[in-house]
Amino acid sequence: MPPQDSPRARRAAADDPGVSDGVPEATSAALHADEQPPLGEVPVPRDDNSEIAAYTRDLTKVYGSGDAEVVALDHVDVDFVKARFTAVMGPSGSGKSTLMHCVAGLDAPTSGEVVIGDTNIATLKDSRLTELRRDRIGFVFQSFNLIPTLTALENIELPMAIAGRKPDPEWLDHVIDIVGLRSRLKHKPSQLSGGQQQRVACARALVGKPDIIFADEPTGNLDSAASAEILGFLASSVTDLGQTIVMVTHDPTAAAYANRALFLADGRIVADMDDPDRDKVLARMVELSSPVDASAPGASTQAAGPSTVQG
Ligand SMILES: Nc1ncnc2c1ncn2[C@@H]1O[C@H](COP(=O)(O)OP(=O)(O)O)[C@@H](O)[C@H]1O
Ligand SMILES: [Mg+2]
């Protein structure tokens, strides 16, 4: 099914008043799919002044084969607009992490396209892909992933040090202040609280000015106060610094910090919500978890193809 015919795209186009030409930023490329030049020639900046930080077309990821086959991503088309904060939601096993890993170049798609900026990552050799990940993508993981023997500051500087780059001192200073780590720079991770460790990870992701930051359940190991802090940093880095962020979460409170919430089920995008708030997200989660009602909006996207195995 062409993306512009999907109920999701049509519904989003009808619902979204936020963009001058009536086409929502996030789906306009999909709606104009047949006008697009061949992959590799990316039409940015676009005529609605939104630029795309990353996009996928027909992205499919299949794990295993035969009886053990799992379709983790099923022909996913998604655009991530620059300077926007997108939450990726969905039940366990719906493909959230796989989507993030494929878009971030951590995992190779089975088929389909992933484009970061103007680079189709399928065309890259491993070494170039490693460079792209290092230089243009920031990561924040649930488990912080800090090096225990390095100080907070050394952890923040590590990706750039590996790349042989020196962070811009003013920018580094600014990022340290944003995340409030000034008094903790010489501490090792074990001397920091979970919230502080995650702030180090956020600073590490921000300091290289990546095209896009991917965060997989960044508040999954934090209490609610520390979660609110981290989500506040992420949201302000979007509004104040123009950072682009894609965050996987199953928490409606976390999703409410984003500009957009995408809902995955069985490896497909089944809903695309602008300006999510907790109640809207909860309501949509309930709707999506109830048995498919053929008359419900969006039900046909669910019913259109073979269902996939869920983990
Ligand atoms: N390395 C893997 N090998 C086999 N199956 C996998 C692998 N990674 C993920 N899957 C399966 O793919 C589906 C999507 O997984 P995942 O992206 O981790 O979901 P989520 O992050 O939404 O919980 C699940 O059914 C999961 O069991
Ligand atoms: Mg996951």
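1. The buried residues of helix H8 are Ser227, Ile230, Leu231, Phe233, Leu234, Ser237 and Val238 (buried: 20 or more other C-beta atoms within 10 Å of the residue's own; exposed: 12 or fewer; partly exposed in between; C-beta atoms placed from the backbone). Down the axis of H8 these residues fall within an arc of 150 degrees, so they line one face of the helix; the arc is that of the directions from the helix axis to the C-beta atoms. On the other side of H8, Ser224, Ala225, Gly232 and Thr239 are exposed.

2. This is a predicted model, in which local features need pLDDT of at least 70, side-chain atom pairs count only at pLDDT 80 or more, and totals for chains, interfaces and linings use all residues. Residues are numbered from 1 along each chain as its sequence is written, while chains are lettered from A and ligands numbered from 1 in the order in which they are written.

3. The buried residues of H8 pack against S3, H6 (169-178), H7 (194-207), S7 (212-216), S8 and H9 (252-255) (contact: C-beta atoms, placed from the backbone, within 7 Å). Helices (H or I, at least four residues) and strands (E, at least two) are DSSP runs numbered from the N terminus.

4. Six strands form an open sheet with mixed pairing, in the order S6-S7-S8-S3-S9-S10 (pairing: at least two DSSP bridges between two strands). S6 (137-141) and S10 (268-274) are at the edges with a single partner strand each, so one side of each has no neighbour in the sheet.

5. S3 (residues 85-89) and S8 (residues 245-248) pair in the parallel sense over four bridges. Thr86 has Val246 as its bridge partner in S8.

Definitions and conventions:
Two residues are in contact if their C-beta atoms, placed from the backbone, lie within 7 Å.
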